[in-house]
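Here is a friendly walk through one structure, with a few places worth a look on screen. Please keep the viewer open as you read.

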Amino acid sequence: MKNKFVILLSFIFLILSGCSQNPFTGKKTLALVPNAQILPMAFQQYDQFLQENQVVENTSESRMVKTVGQKIATAAQRWLNANGYQGYLEGYQWEYNLVKDDQVNAWCMPGGKIVVYTGILPITKSEAGLAVVMGHEVAHALANHGQQRMSASQLQQLGAVATAVGSQAAGVSEENAALLNQAYGIGTQVGLMLPYSRSHETEADKIGLTLMAVAGYDPHEAADLWRRMKAQGGQAPPEILSTHPSNDTRINNLEVWADEAMAEAKKFGVTTFKR
Ligand SMILES: [Zn+2]
């Protein structure tokens, strides 16, 4: 009974808070669970993930993940401020961790909680290559793609869970943790994850390029990075490719958009781009 009430309440809340414009995509997005509700749950889930996995600390690589992450986060804040969205990152608690795992993958949860797996570093190769991946994953989070790839009923369930967590009535159950993980591409079983749609990939590519350029990295690195990623394909494609469809059109687009991203970054006074 109480449970039903919570679901009903959160459903009403979802409808009331339904339509908001995303600053990065300019799109009206429907029925998103607001940050105030989803962030506490994401933070809890992130901490649990870190406890259950091997976090790499105090190596040059782990420091590079933090350096690039901080620069991308600063770039996002600068871009938002310049475009009149000062409060958009309210409640964010950025964190950037390198986790020892052979998976070729990385992700960003709502609230700026990022994980990069060591398995992706041989492909990213440089700081700029890492900025491509982190910029892209942060872009998915900022554009709220995780929630958008959930079905209406999953979203409703997540809203109910978020309400419960927010009111301290319950923790994140295993089932709901799985829901959250699936929405944000966390986890090891690729088969359980839904790939992002082509349009979400395109958005994340574009936004990611702008973020990395404003952060001072050469966005032309992106096309090369995805070429290297594609070359890893074949029998066992990298996890990130399973959730992030890649093709030649995309790589061609990245080349074109890189120039636009650089032009955008120059408006922010960025004149040198690390390759
Ligand atoms: Zn993606």
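## His200 and its surroundings

His200 counts as buried, with 20 C-beta neighbours inside 10 Å. Buried here means 20 or more other C-beta atoms within 10 Å of a residue's own, exposed means 12 or fewer, and partly exposed lies in between, with C-beta atoms placed from the backbone. His200 sits in helix H9; helices (H or I, at least four residues) and strands (E, at least two) are DSSP runs numbered from the N terminus.

Which residues does His200 contact, leaving aside its neighbours within four places in sequence? They are His140 and His145, where contact means that the C-beta atoms, placed from the backbone, lie within 7 Å. His200 also lies 9.7 Å from Asn144, C-alpha to C-alpha, although 56 residues separate the two in sequence.

## The model and its confidence

This is a predicted model: local features need pLDDT of at least 70, side-chain atom pairs count only at pLDDT 80 or more, and totals for chains, interfaces and linings use all residues. Residues are numbered from 1 along each chain as its sequence is written. The protein averages a pLDDT of 83, and 79% of the residues score at least 70; pLDDT is the predictor's confidence in each residue, from 0 to 100.

Residues 11-17 stay under 50 in pLDDT, and the model gives them 8 contacts beyond four places in sequence. The pLDDT is also below 50 over residues 188-192, a stretch with 6 contacts beyond near neighbours in sequence.

## Overall build

The protein has 12 helices and 6 strands. Of its 275 residues, 43% count as buried. Taking the contacts between residues at least 6 apart in sequence, 74% join residues at least 24 apart.

## Two asparagines with positive phi

Most residues other than glycine have a negative phi. Asn144 is not a glycine, yet its phi is positive, at about 60°. Asn144 is found in the loop between H5 and helix H6 (145-148). Is Asn144 buried or exposed? With 21 C-beta neighbours inside 10 Å, Asn144 is buried.

Asn58 has a positive phi too, near 55°. Its place is the loop between strand S3 (55-56) and H3. Asn58 is exposed, having 6 other C-beta atoms within 10 Å.

Two packed helices are described by the angle between their axes and the distance between the axes. The axes of H3 (residues 60-82) and H5 (residues 127-142) come within 9 Å and cross at roughly 50°; axes are lines fitted to C-alpha atoms, for helices over the stretch in contact, and angles run from 0 to 180 degrees between N-to-C directions. H3 and H5 are therefore oblique to each other (under 35 degrees is roughly parallel, over 145 roughly antiparallel, 65 to 115 roughly perpendicular, the rest oblique). H3 passes H5 in a right-handed crossing, where the near helix is turned clockwise from the far one by less than a right angle. Residues making this contact include Val68 and Ile72 of H3 with Met134 and Val138 of H5.

H9 (residues 198-214) and H12 (residues 248-266) have axes that come within 8 Å and cross at roughly 40°, so this pair is oblique. The crossing of H9 and H12 is right-handed. Among the residues that meet are Asp205 and Leu209 in H9 and Arg250 and Trp257 in H12.

Terms used. Two residues are in contact if their C-beta atoms, placed from the backbone, lie within 7 Å.
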